Amino acid sequence: MKKVFGYLKYIFGLFRLNFGTMLVFELLYKLSMAAVCRPLFKGLFHIALRIQGLDFLSDETVGIFLKAPVTWIFLAVIILGAAFFTLFDICCIIICIHASYRGQQIPLLSLIYKGIRCAGKVIYPKNLLMILYLLIIIPMTHAVLISGYMTKFSIPDFILDYIFSHVWLAVLYVGFWIYIGLRSFHWIYSLHYFCLESCSFKQARRKSWLLQGKHYWQDMISAVLWNAALFAVYYGVILFGSWLVSRVNRAFLASDVFSSLTLSGISLFLNICGVLIYCFGLPLFFLCVSLLFYYHKQKKGEQIPAAFQDLEDAYRLTHTSWAKKLYQYRKRIIAVCVLAVISVNFILNFVDKKGVLNTGLDQRVEVTAHRGYSAEYPENTTVAFRGAIEIQADWIELDVQETADGEVIVMHDSNLKRTTGMDRNTWEVTWEEIKDLDNGSWFDPMYREIRIPTLAQVLELAHGKIKLNIEIKPTGHEKHLEESVAALLEEYHMTDSCVVSSMKYESLEKVKQANPEIQTAYITSVSYGNFTELEYADGYSVESMMLTQRFVNQAHRAGKAVYVWTVNSEDRLEQVISMGVDNVVTDDPVMARQLIYEEEHTTFWDLYIRKLLKLSD
């Protein structure tokens, strides 16, 4: 135990020597990047869109956007910029820790100068692989180890759902990232060699591999335990703060003003904790890596990089009259800079949300059963639709296509094989050929009597019981699909209780031309830009991962409804509800209705405390 405390004292001393420099640098740098990079990225993106004559990105326009040379120039600039700013942060951290290790105090200007020189080497051809390492491998494989990382690589939910719905794809996906993670951990010291010994990234990777040697698993365990301790402290503070405010408020139940003040205070405190972990998660992680780096160097008898010899100019600079004046008022200057950066971030967030506060409790969020109650019954079948009616879902989402003889059938896939076993496409068969196919055994043998329904059958079943979201899935072979759907809605008097949706805007235009009274929704998994000019779309159906508060507010100001798909987790459902969406499409409507009910009938106090407890998720 004495050795442990001695080791912790050494670590604290190492971190303390240049703590002021690190504190100022990380606060200003991280918050400045948050304030500058987001509007800069959006500005460049809008320019790239405008050059190509586009107002927005959707599934239909993303192909046009990606084919344009200006897009790839734009992406190259973004990737290189992100790699440089990420590497610059890491280099400054490693340099600052090394100066402390050598007992040197490093001025902020000198740290920035050395960091820029070091990070600038990423553009050399021999270091280009480092871009991949910085932007993808580090965030994906070290996500558990690194908190507050600037760049996070995420995959939309609908892609992950598709991957994990196929066993071999799921195994391949998980296996790939396990392999990449285990292999890249051998490179954990490569950035130290790159920064401190001026190695190329290839040389740095090899040296890191050799330095680690047989200590791979020891290093892995050390890094995990280190970060587990940091997370334990962070979450412990959050949970203790939430518990404390709960106890205090229970003692003053009659004082609403006091409760409001304490809730605001604890919210501010937790936000400060979040900013600190965002700014210092990376430095604390690399402090651990640096200690392991020096330890292995000493054990192997390798020469540890010497103290920096080029700090004299920086020290002489600090003795000039203007620098002394700055030093005299350093605390005020730093405070003003931090306040300015925080203010810019607040203004950007406010502008992004246009000042609209959505609690999710202003209006009831409706629930749509995705392809019927597809979690319990075979999708897009009458039994799944009856199940949705029984559990009192508000809507049913279903997919329609057209057969060779013009019958409108309810089917998601263009090929019939997955649900019926017939390896033919919908446009190649007639209704007579497929009406008796087994459309339920694929889900469970007990449903072998289930058949493919027609839209007419579903309209008859749903009339007066539930509303329908009918997605038109054009294949390019249909003759009058949109007109047939509109005619059926008129025939069954359901134009007021249905919305027709599609990923093809042309299909919505045809529906509106057939009957302007029918409500329509434009479906997209990619949503960026101004969609409000789409006159034939009365609403938008957006993939949940791509939904933003700005998009919701923009749509509502234009009088358009917002549907979000496919929301199957409680956390994601809470997020989209808080944005003020109108309708959620889910495979589990029972879960969705229960959670929405809880949100609507939970007191402000209980809701606030629950959100505080989940703040760290």
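These questions and answers cover ring pairs, charges over rings and helix packing in a predicted model.

Student: How many aromatic pairs does the model hold?
Tutor: Rings pair if their centres lie within 6.5 Å. By this rule the count of aromatic pairs is 26.

Student: Where in the chain do Phe 185 and Tyr 216 lie, and how many residues apart?
Tutor: Phe 185 is in the loop between α8 (167–184) and α9 (190–196). Tyr 216 is in helix α11 (residues 216–251). The pair links distant parts of the chain, 31 residues apart.

Student: Are Phe 185 and Tyr 216 buried or exposed?
Tutor: Buried means under 20% relative accessible area. Both Phe 185 and Tyr 216 are buried.

Student: Why is the pair of Tyr 505 and Tyr 536 called tilted?
Tutor: The ring centres are 6.0 Å apart. Stacked needs planes under 30 degrees apart, and edge-to-face needs over 60. The planes of Tyr 505 and Tyr 536 are at 50°, so the pair is tilted.

Student: Which residue lies over the face of Trp 442, and at what distance from the ring centre?
Tutor: CZ of Arg must be within 6 Å of the ring centre. The residue over the face of Trp 442 is Arg 418, at 5.5 Å.

Student: Are α20 and α21 parallel or oblique to each other?
Tutor: Helix α20 (residues 481–491) packs on α21 with axes 8 Å apart, at an angle of about 45°. Roughly parallel needs under 35 degrees, and roughly perpendicular starts at 65. The two helices, α20 and α21, are therefore oblique.

Student: Which residues of α20 make the contact with α21?
Tutor: On the α21 side are Ser 507, Lys 510, Val 511 and Ala 514. On the α20 side are Glu 482, Glu 483, Ala 486 and Glu 490.

Student: Why is helix α19 largely enclosed, and what does α19 pack against?
Tutor: Six of the eight residues of α19 are buried, so the rest of the structure largely encloses this helix. Leu 455 and Val 458 are among them. The buried residues pack against α16, β3, β4, β5, α20 and β6.

Methods
Residues numbered from 1 in each chain as written. Predicted model: local features only at pLDDT ≥ 70, side-chain atom pairs only at ≥ 80, totals over all residues. Heavy atoms only, no water. Helix = DSSP H or I, 4+ residues; strand = E, 2+ residues; numbered from the N terminus. Buried < 20%, exposed > 50% of the residue type's maximum accessible area, 1.4 Å probe, protein only. Lys NZ or Arg CZ within 6 Å of the ring centre and 35° of its normal. Axes fitted to C-alpha atoms, helices over the stretch in contact; angles between N-to-C directions. Parallel < 35°, antiparallel > 145°, perpendicular 65-115°, else oblique. Contact = heavy atoms within 4.5 Å.
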